[in-house]
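These are my notebook entries on a structure that I had not examined before. I set down what I looked up, in the order in which I looked it up.

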There are 2 protein chains.
Amino acid sequence: MKKYVVGVDVGGTNIKLGLVHPGGRVMARSHFPTKPLSSSKKQLIAVLAEAIKKIITVNDLKIKDIAGIGIGLPGLIDYPRGRVRFLPNIPGWRNVPLKAILQKKLNLPVFIDNDVTLITLAEWKFGAGRGVEHLICLTLGTGVGSGLILDNRLYRGAANAAGELGHLPLNEQGPACNCGGFGCFETYVGNRRLFALASRIMNKPKMTTQQMFVLANQGHPKALRFWRQVATHIGNGLVGVVNLFNPELIIIGGGVSNNEKFLFPAIRAVIKKRAMSLQAAMVKIRRAKLGDDAGIIGAQVLVDHAKSL
Amino acid sequence: MKKYVVGVDVGGTNIKLGLVHPGGRVMARSHFPTKPLSSSKKQLIAVLAEAIKKIITVNDLKIKDIAGIGIGLPGLIDYPRGRVRFLPNIPGWRNVPLKAILQKKLNLPVFIDNDVTLITLAEWKFGAGRGVEHLICLTLGTGVGSGLILDNRLYRGAANAAGELGHLPLNEQGPACNCGGFGCFETYVGNRRLFALASRIMNKPKMTTQQMFVLANQGHPKALRFWRQVATHIGNGLVGVVNLFNPELIIIGGGVSNNEKFLFPAIRAVIKKRAMSLQAAMVKIRRAKLGDDAGIIGAQVLVDHAKSL
């Protein structure tokens, strides 16, 4: 009998759970808010363990039907040791041996990793990157991150901290970044900057990227200009990626990537103009396929391929 | 009996040959100029084949003592097919099946690859990167390139064109580059730019980096300022590399890297200030060890590990 995986996607706002079929399909979902619990690590872990047990039992499954638990977290994870190093948006999480704690509570194999890594694994095995051996998966949101599949393997770096594309400098001088650096890609294309840019261009106190998309669809010149600027920054960041990694594919995910129409042709034009010709000619730019389920589906890949990842 | 490799390093000015011991030592050398021959591919290949035969026989070796020939070339190489795609500085070399031609002439296995790849292989197996599993080898010269050792393997990219660190943009706007792009790392730290910057800072028509090194050693404030500027550009380029690859080590080679005293402390300071803290804390910056022999020694690694590279 094929075994299921419980995937967990820990975000700053919600914690989402899914029961994932070996073929990558999410069979059932649940979620609970992170915030009221995040002040106490112990309480959060207890609630998470109960939620994992519950999603198994309410779907008429037993422990023996579960291959393992995969958990994606927004921060630095010591993957081989199963420890959370640091979560920038969930206070108090430093050096937590989460894998060991949950394995004891659940009596099941537990694997923990960075959330963008899980999204990348999902898109590679079940999404926009199926069958591709060299790809970068870029996630655009409040934070900007990426995962790297190089030579048909996940590339983690020396301390599981590779792929910080959000912190590739776009300029030698530039805005201060949360990471302590400046001029980082994220300071140009992270959501905070996009909201500020939209509000400035439209001369209104608050604008969302969704509103800018609607206006662009109506042909509003300022909204079209906004998306051209955003696409140029994204393209400028990806030129370096194309020249350094020589990938076949760049997958772009996260909320903003839904605006494919106003972003992708302009991003492709920047890469064609600025990147080296052989590398630019062969790289494809595709939108992520799995949307909000990607993290949970990636947990299935993590558990299933744990030995080789 | 241990077999030797004939290593060949093809440059725009000279072609250097070396007989390399399996342990990485260069036992004998020869060279001939590229220029007078480079107008005719056929003639250049014939002279190269004779030079290879000669370095074997004058050292009292026979064909059976040779494991193979490794050749590094300054351009795009189709490694699996053994074809030269394009050499920007040696006119007329497009789609040349060099491996097949030389194997027929020499009756020995021949492997051809990019010159920076061979330097990287040499530094990894016999130089500054021995035993390191995640490293970037940066070469500074007229051209700026790099080789990537990721997860203890050479990373080639989808078309053997990865590692073009010289063409990582340092700024969204910037000087035009030979590659067709603009604002590339090479336009800030390539030799042409360094000579021009030195001449401008010193207000003299011609200045070499060697002269600037001598002046800096004498405490000349303008020369010290020159090296600070150069180190800041190099550091700014490496910040992105540190955040993307999370390497243990960056090796810096090429003529300018000899000025370790005026470059390396400032480069390390930029990385510490600007790169992400975990990644910055663990990365070491070291000068390349093998100097001008690196390409020839790398040929030995290429032949010896051909199956896994």
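**Entry 1: domains of chain A**

I began with the spacing of the domains: the centres of domain 1 of chain A and domain 2 of chain A, taken over C-alpha atoms, are 27 Å apart. The assignment gives domain 1 as 4-119 + 293-308 and domain 2 as 130-288; such bounds come from an automatic or database domain assignment.

I then looked up the contact between them, to which domain 1 of chain A gives eight residues and domain 2 of chain A gives 12 residues. Two residues are in contact if their C-beta atoms, placed from the backbone, lie within 7 Å. On the side of domain 1 of chain A that touches domain 2 of chain A, strand 5 (76-78) and helix 4 (115-126) of chain A are the elements that give two or more residues. Helices (H or I, at least four residues) and strands (E, at least two) are DSSP runs, numbered from the N terminus. I noted that this side of domain 1 of chain A has six nonpolar residues, one polar and one charged. Ala, Val, Leu, Ile, Met, Phe, Trp, Tyr, Cys and Pro count as nonpolar, Asp, Glu, Lys and Arg as charged, and the others, Gly among them, as polar.

**Entry 2: basis of the model**

I recorded that this is a predicted model, in which local features need pLDDT of at least 70, side-chain atom pairs count only at pLDDT 80 or more, and totals for chains, interfaces and linings use all residues. Residues are numbered from 1 along each chain as its sequence is written, while chains are lettered from A and ligands numbered from 1 in the order in which they are written.

Chain A has an average pLDDT (the predictor's confidence in each residue, from 0 to 100) of 95, and 99% of the residues score at least 70. For the complex, the predictor gives an ipTM of 0.96 and a pTM of 0.96.

**Entry 3: helix packing in chain A**

I returned to helix 4 of chain A, which packs with helix 11 (residues 294-304) of chain A at an angle of about 80°, their axes 7 Å apart. Axes are lines fitted to C-alpha atoms, for helices over the stretch in contact, and angles run from 0 to 180 degrees between N-to-C directions. Helix 4 and helix 11 of chain A are therefore roughly perpendicular to each other; under 35 degrees counts as roughly parallel, over 145 as roughly antiparallel, 65 to 115 as roughly perpendicular and the rest as oblique. Their contact includes L118(A) and F126(A) of helix 4 and I297(A) and V301(A) of helix 11. It divides into 10 nonpolar, two polar and three charged residues.

Next I took helix 2 (residues 41-57) and helix 3 (residues 98-106) of chain A, whose axes lie 10 Å apart at an angle of about 45°. These two helices of chain A are therefore oblique to each other. I45(A), A49(A) and I52(A) of helix 2 meet I101(A), L102(A), K105(A) and L106(A) of helix 3. By class, I noted six nonpolar residues, no polar and one charged.

**Entry 4: chain B against chain A**

Which elements of chain B give two or more residues to the side that touches chain A? I found that 39 residues of chain B are in contact with 39 residues of chain A. The elements in question are helix 8 (221-245) and helix 10 (277-282) of chain B. Helix 8 of chain B gives the most, with six residues. I recorded 21 nonpolar, 13 polar and five charged residues on this side of chain B.
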